[in-house]
Amino acid sequence: MRIKLDRTLCDGFGICAVHAPETFSLDEWGYVSLHAGRSEVADEHKDGVRRAILDCPVHAIIELPHKAV
């Protein structure tokens, strides 16, 4: 699973970090970033990330299509 985070849309609700703290971190103002800037999500974290995508009130996180092999 790959995701994209649009930090310009983020309003700092922090819901994503609650659902997937292994993937998202919050800065001192509550705005989200990806841990280590990684867009790849480990299999064991997919459920939390999908919940974060669904619950983000400003749709700042999207799931990207799989890369062609």
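How many helices and strands does the secondary structure of this chain come to? The model before you is a predicted one, and its chain has 2 helices and 4 strands. Read from the N terminus, these elements follow the order β-α-β-β-α-β. The radius of gyration is 11 Å, close to the 11 Å that the globule rule gives for 69 residues, so the chain is as compact as a globular protein of that length. Along the principal axes, the C-alpha atoms occupy a box of roughly 40 × 20 × 20 Å.

Let us turn to the interior. Of the 69 residues in the chain, 33% are buried. The largest nonpolar core contains 17 residues, and Ile3, Phe24, Val49 and Ile61 have the most contacts inside it. At least two residues of this core come from each of strand E1 (2–5), helix H1 (15–19), strand E3 (32–34) and helix H2 (46–55). Helix H2 gives the most, with 3 residues.

Which residues does Ile3 touch, leaving aside those up to four places away in sequence? Its partners include Phe24, Leu34, Val49, Ile53 and Ile61, and also Thr23, Ser39 and Glu63.

How values were computed:
Residues numbered from 1 in each chain as written. Predicted model: local features only at pLDDT ≥ 70, side-chain atom pairs only at ≥ 80, totals over all residues. Heavy atoms only, no water. Core = buried A, V, L, I, M, F, W, Y, C linked by side-chain atoms within 4.5 Å. Buried < 20%, exposed > 50% of the residue type's maximum accessible area, 1.4 Å probe, protein only. Contact = heavy atoms within 4.5 Å. Rg over C-alpha atoms; globule rule 2.2 N^0.38 Å.
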